[in-house]
Amino acid sequence: MPRTDALLIRGGHLIDPSQGLDAPGDILLAEGKVAWVGKPGEPPPQKPAQILPAKGLVVCPGFIDLHCHLREPGFEEKETIATGTLAAARGGFTTVCCMANTNPPLDNLASVEFVLRRAAELGAVRVLPVACVSQGRKGQELAEMAELAGAGAVAFSDDGDPVASTRLMRHALEYALPLGLPIMDHPQDVSLSQGGVMHEGWVATRLGLKGMPSAAEEVAVARDILLAELTGGWVHLQHLSTAGSVELVRLAKEKGLPITAEVTPHHLALTHELVLGKSPDFPGLHPYDTRTKVNPPLRSKEDVAALIQGLKDGIIDAIATDHAPHTRVDKECEYDLAASGISGLETALGLLLGLVHRGEIGLPDLIALLTSGPARILKAAGIPGLGTLQAGAPADVTVFDPDAEWTVEPEAFASKGRNTLLAGAVLRGKAMATIYGGKVVFQG
Amino acid sequence: MGEKVLLTEVDIRRALVRIAHEIVERNKGCQDLVLVGMHTRGVPLARRLAALLKDIEKAEVPVGTLDIGLYRDDLPYREEPPHIRSTDIPADIVGKVVVLVDDVLFTGRSIRAAMDAIMDLGRPRRIQLAVLVDRGHRELPIRAEYVGRNLPTSQQEEIQVRLQEVDGQELVVSVAPEREENMP
Amino acid sequence: MRMREVSRRAAESQAILSTETKEWHHRHVLDLDDFSRGEIEAVLDTARAMKEVLGREIKRVPTLRGKTVVTAFYEPSTRTRVSFELAAKNLSADVASISAQASSVEKGESLLDTVRTFQALGADILVLRHWQSGAPYFVAQHVEASIISAGDGSHAHPTQALLDLFTIRERMGSIEGLRVAIIGDIAYSRVARSNVWGLMAMGAQVVLCGPSTLLPSDIEKAYPDVIVETSSEAALEGADVVMALRLQRERQEAGLLPSLREYIRLYQLNSERLARARPGALVLHPGPMNEGLEISPEVAHGPQSAIEEQVTNGVAVRMALLYLLARGGHAED
């Protein structure tokens, strides 16, 4: 029987950190799996039904986002599973982990099953739900974590909010331990961050905005590390934003504690000065532009440098978008009242390649942080086979042009969330094709 | 640029002397007179007239300055707001004869603004107007009692009064109109 | 045709045109951080002419006839509101006022909706007081009208700073080179922030002083040329101008101060402390004062105090700003 769906990606440059691959080559996808990886021009073992020319492009495992907000159920005006996964596909992501701060929150079997069913019906890419730590995300009683894990939750998080109670965090870690799943915490000491709308520092001082000190994050990071040590439970620290956090995680990893950590593209590339609204790189920004409002906030240059160093030193395990789509109304208001978050799936790659173009990180290292890095976390959580181009792995592939310059036009986003401060900015590098399970789900 | 001299230093001095005599004659002396110079060039002209009146009548006539910026009727049409200078009238004008002094009388709008400004400061018995040049083209029913020289002009023409105190020279010139398009 | 119009007017007003203030090009007055020295001087010079009007029996000129000024106060402030309203009325503008209590804020109407309504009602200038830092910037993005900030959150109070500058210049002759000590709740003070920009632009040396908990973070980096002191005695040493800031009693409740008693002991501007400043140093306060708290009554009403004069000057400065913003509403282009 002839295999009619075979797809050959030909003439590209293959980068797959999971197997140390960084060379020109061709790749054949068939029956939803990686069938063969060969040298340039080498004849594939079977005749492809379709050929995707990739000359001058990078071909790598599909990107994995450990942290995004798809907003469904409950906030479909901000995003849906359909639009959010299409945005992911456009950004080069083939797997996204969606957070539990929906309405109702993902603290029950029915909600998790709903997300998985919608994703199977309408999703452009793989959706892995992250369920709540606490019932109703209220931070008081544990959610039914074992049942949620059984339904397909890959981790637990009350993201949007931290697990404020140290006692509850302790019990969550203990309870999740036999499930083998991480507690993903939004590390923030709310008594220190309360009322804060941006990074506490000289910019907040000038603007008269209440700041969130770096210590508000670091106190919580330290707490989580101590609790990991106490319980042996796995803490995954979400969207780290400060130099001090990187340092704490470095110490924790040196001690061999079960800690993993992610950072976002915006915390790696943008700083709090943007709230002043006068930047030649971001022509559309005005003072107090609510598009700069995100939690954790954009920090200082020194923090950005420490986060990048953390990537290089292996302190940070993954880059995750924290894609947080909002409506126009959510953002078109006073800074204090505006919703926090940046619509990030469609600009992540371009923003991150800026680090590569500036020589701050190597391209294979960046790809590792988007593929094999997050895959290791999901593998430990029981989802194997992601983030690699080895034969037999799911045929999730991203093809991107590292040099294509493009102007960010939020109105053209697949995401419903047009809330990005990058509007009008010129980025260098974009996904040209995204293949999920052997099917081309996006081609640019 | 085409510039034509209309009045020389001597012409200006003669005109002011004549105006001073006319003021004395019309008002039968200098009693109850207050001279009010309109910024900018009306101010030195008023001071010179006061000096002349002193020569003629041996009387001190108070001189005030007036900025009409707050009374202009073209504020909404201007790109830049005119700079407002101090208004300073040293004497009570109630019941007095106020002689407004300006360099050029043209549309009459500045004088209208000046009269409004004066009226807000008090109720003078009479307001008179002294100008160095009347170039016609009035847009309001306003007439000067004392005119140094009537100079018929075209509307497009620009008349410049230059005074020692402000400009460092004594001249009245006509500047050729700016053209809407350059000539070939 | 247009050319002729212009030159005709130019001929009529040539004298005035020659000294026109070329520096002024603000559509809004949101803070003083973008004001040059020339622009500040343009405001102060215009305010001097306005103060002359205030000295008249009939304190009214027709300058802004037909213009509509709307004051929208989302935070109670009788003084500033009345000052703006008098300023607008003295210039013959039509004035409409909205206060947070009377407006639809409580009905959940957004600020954007409300300001769009002002716009539809034909406001030429919108005077906005808001409890949130940056609110006037947000509004300025969405309306055609000129915005004057009458104070936003902890951020800026440009008209207060300008009236302070006016008062200092009037009393001291010049601002250049003066040492100006601002004492009190710097962290939450929009008056201090705007004064820093204005005073620096005019060449003064600014000293900011308060207890550490009331100094904002990274203040040295935010205002690199400012001197920061936690000792009021050190701040007052050699000061030419001293400004005491109002202390909100909530600061104690928020855990920022152990007690008002201790604050008074360390920071109250009293005659003993004032003696450390230059003889004849000028005393200012943005008001309303807590007499006996941040300032002692004998200093507040003493010979060095210009606090009452600040109120009159406030009207003159606000008239100047309204005048300077009211241009070009019907520009042909």
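## Basis

Residues are numbered from 1 along each chain as its sequence is written, and chains are lettered from A in the order in which they are written. The model is predicted: local features need pLDDT of at least 70, side-chain atom pairs count only at pLDDT 80 or more, and totals for chains, interfaces and linings use all residues.

## Sheet in chain B

In chain B, an open sheet is built from three strands in the order β1-β8-β7, with antiparallel pairing. Strands are DSSP runs of E with at least two residues, helices are runs of H or I with at least four, and both are numbered from the N terminus. Two strands pair if DSSP finds at least two bridges between them. β1 (3-7) and β7 (158-162) of chain B are the edge strands, each pairing on one side only. From one strand to the next, the twist averages 30°.

β1(B) and β8 (residues 171-175) of chain B run antiparallel and are joined by four bridges. Opposite K4(B) stands S174(B) in β8(B).

## Helix α14 of chain A

Helix α14 of chain A spans residues 372-380, and its buried residues are S372(A), G373(A), P374(A), A375(A), I377(A) and L378(A). Buried here means that 20 or more other C-beta atoms, placed from the backbone, lie within 10 Å of the residue's own. These buried residues pack against β6 (63-68), β8 (126-131), β13 (235-237), β14 (259-263), β15 (318-319) and α13 (363-370) of chain A. Contact requires C-beta atoms, placed from the backbone, within 7 Å.

## Helices α4 and α7 of chain A

Helices α4 (residues 166-176) and α7 (residues 214-231) of chain A pack at an angle of about 45°, their axes 10 Å apart. The axes are lines fitted to C-alpha atoms over the stretch in contact, and angles run from 0 to 180 degrees between N-to-C directions.

On the α4(A) side, T166(A), M169(A), R170(A), L173(A) and E174(A) meet R223(A), D224(A), L227(A), A228(A), L230(A) and T231(A) in α7(A).

## Contact of chains A and C

Chain A gives 17 residues to the contact and chain C gives 22. On the side of chain A that touches chain C, helix α6 (residues 202-207) of chain A gives the most, with four residues.

Definitions and conventions:
A residue is buried if 20 or more other C-beta atoms lie within 10 Å of its own, exposed if 12 or fewer, and partly exposed in between; C-beta atoms are placed from the backbone. Two residues are in contact if their C-beta atoms, placed from the backbone, lie within 7 Å.
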